[in-house]
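Subject: Handing over the structure

Dear colleague,

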Amino acid sequence: MSVAKLTRPQWLYATAITFLTSSIVYESYTSNKTLLSMMDDRLNLFIVANGVALGLWFVTKLVIFVLLGQLHESESGDLVSMMLPMIAESLLTLTLFRASITPQFSICFVLLMPLKIMHKTLTSRVERLSELPTPGPTVLAHARVALTSLALAATDIASLYLLFTRQTSFAARLVFAPELVLSVIAVINSGLLHLLTSYTQASTSSLEFPTFPLRNLALVIQVIDNSLRCAVHLPALILCLRDYGLPLHIVRDAYLTSKNAHAAFTQIQRSRTASMDLDKLLLQNNLLFDEQYEEPEHSHVASDSAASDEEADLTCLVCREDISPDSFSDKSSSPESPALLPCGHLFHLQCLHLWVERQQTCPTCRAKIRPASPGSVPMSVAITRSSSGIPIKRVPSVGS
């Protein structure tokens, strides 16, 4: 949420913490005491910690606004939802490494929080842009994502370089090295997904519907991403168990990443099988409107009222977009080509492929989508057209 959208209690909290933190800093300056010595008082420590967290939050929001612009409501919701797990993970980490905490360790740990927030914001932005309809994001949106990705990647790599070239403790390397490596992986993953989405959105109108590898490349990237994350978590888990104890936050992350990798791999297998079954079904029953289709000689011309009712069915229920009448005469299997299921419902070819990768039923009537068994009688479809030549009715019938 932006500064302008803070509620009254949030404004009161921010004002009070700012005033109290400023008072402690001023007292430290006037009494010739160091700020660290004043942290011996737990109340002062609590106030300053809240002040630092509040300042970092506003600075992070400002940097995000400069790099990515105004956040969408869904992106702000993602940020809020990640705060509680991130705080819990931070507390578990500090508890596990409490004997190795130094002022330098504390500063680096605090600075790691806004970096993780910015990575999460970039991931949310890429996911939101991938859901935009054709023609997709603007050039400015692409530029913002590219600039933010480069800035975060440079920051992560520079931090890793400093971590291993300076005199840092083993605990600091064990805590920050996996986090920075995971951040680099996250940036690469977001960049690849953004490039894939941009390519798909830009080529949808000019290319035929992509083959299985291209349609499922996002899932392949997800499998690789989660596999790399597991490879990073495993040595960190072993080292923590050897020297410090059971790292619950690493165990949780390793479990979630392995679970996500398995789910993505299973989805690839299921979507490949479903897509191949759909291709077989459309091929067996000649349900694509291509050169094999011609209007029956004795077609029924409905009345104007009936035609208007049936023409309203020429809407793909998957994308909620109208099916163009010109696409019925298109001889190529483009993404906008209409595809007809045996149950008589019509969809865009692209939308139908995307649907069956998740659900193997008709989006309208939930009839099972499966290729005909060997020896079964193929189906043909009689098309009823209006006076304008637009198909207005789809009647499955048994072919001779």
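The largest nonpolar core has 37 residues, and those with the most contacts inside it are F97, F105 and F176; a nonpolar core here is a set of buried Ala, Val, Leu, Ile, Met, Phe, Trp, Tyr and Cys residues joined through side-chain atoms within 4.5 Å, where buried means under 20% relative accessible area, exposed means over 50% and partly exposed lies in between, with a 1.4 Å probe and protein chains only. Two or more residues of this core come from each of α3 (42-68), α4 (73-96), α5, α6 (139-165), α7 and α9 (217-243), and the largest share, 10 residues, comes from α5. Helices are DSSP runs of H or I with at least four residues, strands are runs of E with at least two, and both are numbered from the N terminus.

Before going further, please note that this is a predicted model, in which local features need pLDDT of at least 70 and side-chain atom pairs count only at pLDDT 80 or more, while totals for chains, interfaces and linings use all residues. Residues are numbered from 1 along each chain as its sequence is written, and side-chain values use heavy atoms, with hydrogens and water left out.

If contact is taken as heavy atoms within 4.5 Å, F97 touches F105, A171, L174, V175, C240 and Y244, not counting residues up to four places away in sequence. A second, separate core of 16 residues includes A339, L340, V356 and I369.

Turning to the aromatic rings, those of Phe, Tyr and Trp (its six-membered ring) pair if their centres lie within 6.5 Å, and planes under 30 degrees apart count as stacked, over 60 as edge-to-face and the rest as tilted. By this rule there are three aromatic pairs. One of them is the stacked pair of F105 and F109, at 6.3 Å centre to centre with 10 degrees between the planes; both residues lie in helix α5 (residues 103-130), four residues apart, about one turn of the helix, and both are buried. The rings of F105 and F176 have their centres 5.3 Å apart and their planes at 50 degrees, so this pair is tilted. The pair links distant parts of the chain, with F105 in helix α5 and F176 in helix α7 (residues 170-203), 71 residues apart. F105 has a relative accessible area of 4% and is therefore buried, and F176, at 7%, is buried too. Together, F105, F109 and F176 form one aromatic cluster.

A search of the whole structure finds seven of them. E75 counts as buried at 1% relative accessibility, and R125 is buried with a relative accessible area of 5%. K116 and E89 form another, with their closest N and O atoms 3.5 Å apart, and here K116 lies in helix α5 and E89 in helix α4, 27 residues apart. Within helix α9, D225 and R229 are four residues apart, about one turn of the helix, and their side chains meet in a salt bridge (3.3 Å, N to O). Finally, salt bridges that share partners join E75, R125 and R128 into one network.

With best wishes

Terms used
A salt bridge is a side-chain nitrogen of Lys or Arg within 4 Å of a carboxyl oxygen of Asp or Glu.
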